[in-house]
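Look over the sequence and the fold below.

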Amino acid sequence: MTPKRIFMTGASGCIGQYVAESLIQHTDHELYLLVRNPDKLGFDYHARPGITICQADLRQIDHFRDLLKTVDVAILAATAWGGVQEVFDINVVKTLRLLDLLDTQRCEQVIYFSTASILNQQNQLLKQAGQLGTDYIRSKYDCLQQLSKLAIAPKITTVFPTLVLGGDERKPYSHISSGIKDVVKWMDLIRWFKADGSFHFMHAQDIAQVVLYLVDHPPSQELTTKTGEGLSTNRLVLGNTRLTVNQAVEEVCTYLGKKIYVRVPLSIGLANLLIILFRIQMAAWDRFCLNYRHFSYQNPVNPDTFGLPTYCPTLSDVLKISGLP
């Protein structure tokens with residue numbers, strides 16, 4: 001297979017480091033990695049020829065306009081999490097500017113990272129995300145709405161990660177992985193309750209596997225056949241099989257050797273009553289999530305979708321790689 005020229009943003013983040021390292025180790029593609037601080041990279045970017053570090057902020061993307069005209073694949077994983085001005089400048093304005101700088105004739109594909117938080121259970125835009133979401137979520141909502149207006153739009157594959165796990169001594173931990181051990185400490189209490197809710201998760205190593213596959217196999221009708229009729233081939237939700245909250249508690253307790261005897265249902269009404277009684281301050285988005293409960297999606301995509309081995313398919317695997325006995 002002919003090596004491709006790939007431009008990637010966000011290579012120093014949790015997902016980005018897994019993707020960049022996999023591209024280095026398993027492909028011969030020519031890589032250009034846009035990072036603000038190369039010292040944060042936990043992988044060896046001198047491991048082989050054809051790897052160039054472009055040290056800059058995404059706000060300086062115009063400095064690379066000549067390079068971007070020669071790119072075959074763009075992987076856009078950079079994101080800003082906080083600060084209204086920075087979030088919308090990076091996640092919307094400069095991301096759209098980068099897409100405008102690509103050559104629509106030369107570029108084969110753009111893999112753009114969004115978030116499943118802006119989708120409803122039918123994989124359509126969740127209007128409350130645009131109205132009530134955090135700055136980060138609203139920026140992703142706004143950017144997605146504008147992608148279809150770009151000349152490069154037909155080449156864009158938007159991926160929507162669900163709950164992301166990952167991180168080790170070399171790579172930054174995701175928000176979820178950094179809190180796993182704290183949650184386990186409360187399992188003696190949690191196991192006595194039942195709650196109505198569901199979710200998906202996916203390890204960053206598995207996300208990297210999917211990205212590598214997409215780089216060499218851009219979405220097509222074949223993918224629609226594999227993932228179910230009606231799934232847009234340029235919008236892919238990344239996640240393992242849906243888990244209910246109760247299933248998750250049961251699996252964790254089984255792994256830890258903790259028995260479950262009686263479980264008391266926790267209703268949303270009770271939760272909202274406690275919030276009022278104890279005058280708990282909640283942001284509008286947090287309150288919406290508490291009532292929405294089921295962050296599950298149709299036809300999630302993972303390595304198994306493409307006949308590839310999955311690194312972390314179950315919660316037991318999550319606990320094992322987290323070093324919990």
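## Cysteines

Cysteine 54 is buried, at a relative accessible area of 6%; buried means under 20% relative accessible area, exposed over 50%, and partly exposed in between, with a 1.4 Å probe and protein chains only. This is a predicted model, in which local features need pLDDT of at least 70, side-chain atom pairs count only at pLDDT 80 or more, and totals for chains, interfaces and linings use all residues. Residues are numbered from 1 along each chain as its sequence is written, and side-chain values use heavy atoms, with hydrogens and water left out.

How many disulfides does a search of the whole structure find? The search finds 0, where a disulfide is a pair of cysteine sulfur atoms within 2.5 Å. Cysteine 54 is in no disulfide: the nearest cysteine sulfur belongs to cysteine 107 and is 15 Å away. Cysteine 107 is buried too, with a relative accessible area of 0%. The closest cysteine sulfur to that of cysteine 107 is in cysteine 143, 15 Å away, which is too far for a bond.

## Loop residues

Helices (H or I, at least four residues) and strands (E, at least two) are DSSP runs, numbered from the N terminus. Between α12 (284-292) and α13 (315-321) runs a loop that holds arginine 293. Asparagine 299 is found in the loop between α12 and α13. Most residues other than glycine have a negative phi. Arginine 293 is not a glycine, yet its phi is positive, about 70 degrees. Asparagine 299 also is not a glycine and has a positive phi, near 50 degrees.

| Residue | Relative accessibility | Class |
|---|---|---|
| Arginine 293 | 26% | partly exposed |
| Asparagine 299 | 28% | partly exposed |
| Asparagine 240 | 4% | buried |

Where does asparagine 240 lie? Its place is the loop between β11 (235-238) and β12 (243-244). Asparagine 240 counts as buried because its relative accessibility is 4%. Neighbours within four places in sequence aside, asparagine 240 is in contact with His200, Phe201, Met202, Pro300, Asn302, Thr310, Cys312 and Pro313. Contact means heavy atoms within 4.5 Å.

## Annotated region

An unreviewed UniProt entry carries the annotation "domain: NAD-dependent epimerase/dehydratase" for residues 6-219. UniProt positions are given in the numbering used here, feature names are shortened, and annotations may be inferred rather than shown by experiment. Over residues 6-219 the chain is 36% helix and 19% strand. The end C-alpha atoms of that stretch are 17 Å apart.
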